[in-house]
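Here is a short walk through one protein chain.

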Amino acid sequence: MRVRVDMTLCQTHAQCVFAAPEVFALNDDDELVYDATPTDAHWPAVEEAARACPVQAIYLDGD
């Protein structure tokens, strides 16, 4: 499974970071960084992060 974030849409509200901190984070410049291929164990939190994104910038692709 893959995660993709449209960085042109992302406004760094960081709701994904709160929902799935093992997958999403803010770097030292307050820019979003993320694991594009999280483990299956993290997938429920990643789905919650996608739902929580106020601008719907997170896309999930199942394998």
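Met1 is partly exposed, with a relative accessible area of 31%. That value falls between the cut-offs, since buried means under 20% and exposed means over 50%. This is a predicted model, so every value here is computed from it. Met1 sits in the segment before E1.

What lies across from this end of the chain? Thr37 is one place to look, for it touches Met1 and Arg2, not counting residues up to four places away in sequence. The C-alpha atoms of Thr37 and Met1 are separated by 6.1 Å, yet the two are 36 residues apart along the chain. Thr37 belongs to the loop between E3 and H2. Its relative accessibility is 44%, so Thr37 counts as partly exposed. From Met1 to Trp43 is 42 residues in sequence and 8.4 Å in space, C-alpha to C-alpha.

Now step back to the whole chain. It has two helices and four strands. Read from the N terminus, their order is β-α-β-β-α-β. Take the contacts with a separation of 6 or more: 59% of them join residues 24 or more positions apart.

Next comes overall size. The C-alpha trace spans about 30 × 20 × 15 Å along its principal axes. With 63 residues, a compact globule would have a radius of gyration near 11 Å. The chain has 10 Å, which agrees. Of the 63 residues, 29% count as buried.

Some of those buried residues are in helix H2, which covers residues 43-52. Which residues of H2 are buried? They are Trp43, Val46, Ala49 and Ala50. These four cover an arc of only 110 degrees around the axis, which puts them on the same side of H2. Pro44 and Arg51 are on the other side of H2, and they are exposed.

A search of the whole structure finds one cavity of 30 Å³ or more. About 90 Å³ of space lies in the largest cavity. Its lining is made of 14 residues. Cys10, His13, Ala14, Cys16 and Cys53 lie nearest its centre. By class, the lining has 10 nonpolar and four polar residues, and no charged ones.

Finally, look at two backbone details in the loops. Asp30 has a positive phi of about 60 degrees, although it is not a glycine. Asp30 is in the loop between E2 and strand E3 (32-34). At 52% relative accessibility, Asp30 counts as exposed. Gln56 also has a positive phi, about 55 degrees, and is not a glycine. Its place is the loop between H2 and E4. Is Gln56 exposed or partly exposed? At 44% relative accessibility, Gln56 counts as partly exposed.

Methods:
Residues numbered from 1 in each chain as written. Predicted model: local features only at pLDDT ≥ 70, side-chain atom pairs only at ≥ 80, totals over all residues. Heavy atoms only, no water. 1 Å grid on protein atoms, 1.4 Å probe; cavity = no way out; pocket = protein on both sides within 12 Å on 5 of 7 lines; lining within 4 Å. Points joined across faces, edges and corners; volume = space filled by probe spheres on them. Nonpolar A, V, L, I, M, F, W, Y, C, P; charged D, E, K, R; others polar. Buried < 20%, exposed > 50% of the residue type's maximum accessible area, 1.4 Å probe, protein only. Arc of directions from axis to C-beta. Rg over C-alpha atoms; globule rule 2.2 N^0.38 Å. Contact = heavy atoms within 4.5 Å.
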